[in-house]
Amino acid sequence: MDIDKLMNSGQIYDPTEERFTKRQAECLEILYDFNQTRPSESEKRQLLLQQLFAEIGSNCYIEPPLRANWGCHTHMGNNVYVNFNLTLVDDADVFIGDHTMIGPNVTIATANHPLEPALREKALQYNTPVHIGKNVWIGAGAILLPGVHIGDHSIIGAGSIVTKDIPSMVVAVGNPCRILKQIDK
């Protein structure tokens, strides 16, 4: 099976196989170059992000440093703003919708490890994609766990840990993240 399909399938696999580590190393080289850019090198940053991500829309801004397991599994819409220290544990696809804002020190994780100790000892894993809708605001220090969906126009409060899906048009906060209120138009 193609490695991208396998990584997005939810099946357990061995990420230490050479076919994974070789491709991941290529992605990490691009990420390293992005993180070494000077503030005045905005065009170079955009070119590197186009090489790194599966998709990146127009008018996106990502403040270095950016951390990613891969980078090439991230799909970013138009007009996305990302503050410094975004961590993408993007072993499966991460989808970020148009006009989304992500605060500093946010983690978006797709990787899981088996509950069975013998499988964890072998460093096996499985992944579940994360979907972030359009016009979402994710506050500083939030953590999004594997498989969550955040609906359009919602706000995730700073420091929240999102363990379950969050619907559209709500403010959600806390650990675990819960709906605080609806957003009225």
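Patches are made of residues with over 30% relative accessible area and no salt bridge, like charges being joined within 9 Å and nonpolar side chains (Val, Leu, Ile, Met, Phe, Trp, Tyr) within 5 Å. A salt bridge is a side-chain nitrogen of Lys or Arg within 4 Å of a carboxyl oxygen of Asp or Glu. This is a predicted model, in which local features need pLDDT of at least 70, side-chain atom pairs count only at pLDDT 80 or more, and totals for chains, interfaces and linings use all residues. Residues are numbered from 1 along each chain as its sequence is written, and side-chain values use heavy atoms, with hydrogens and water left out.

**View 1. A nonpolar surface patch formed by Tyr61, Tyr81, Met101 and Trp137.** The patch covers about 390 Å² (Shrake-Rupley method, 1.4 Å probe; for residues, only the protein chains shown count as cover). Tyr81 lies in strand 5, residues 81-82 (strands are DSSP runs of E, at least two residues; helices are runs of H or I, at least four; both are numbered from the N terminus). Tyr81 counts as partly exposed because its relative accessibility is 34% (buried is under 20%, exposed over 50%, partly exposed in between; 1.4 Å probe, protein chains only).

**View 2. The antiparallel pairing of strands 18 and 19.** Strand 18 (residues 170-173) is joined to strand 19 by four bridges. Val171 stands opposite Lys181 of strand 19.

Technical notes:
Two strands pair if DSSP finds at least two bridges between them.
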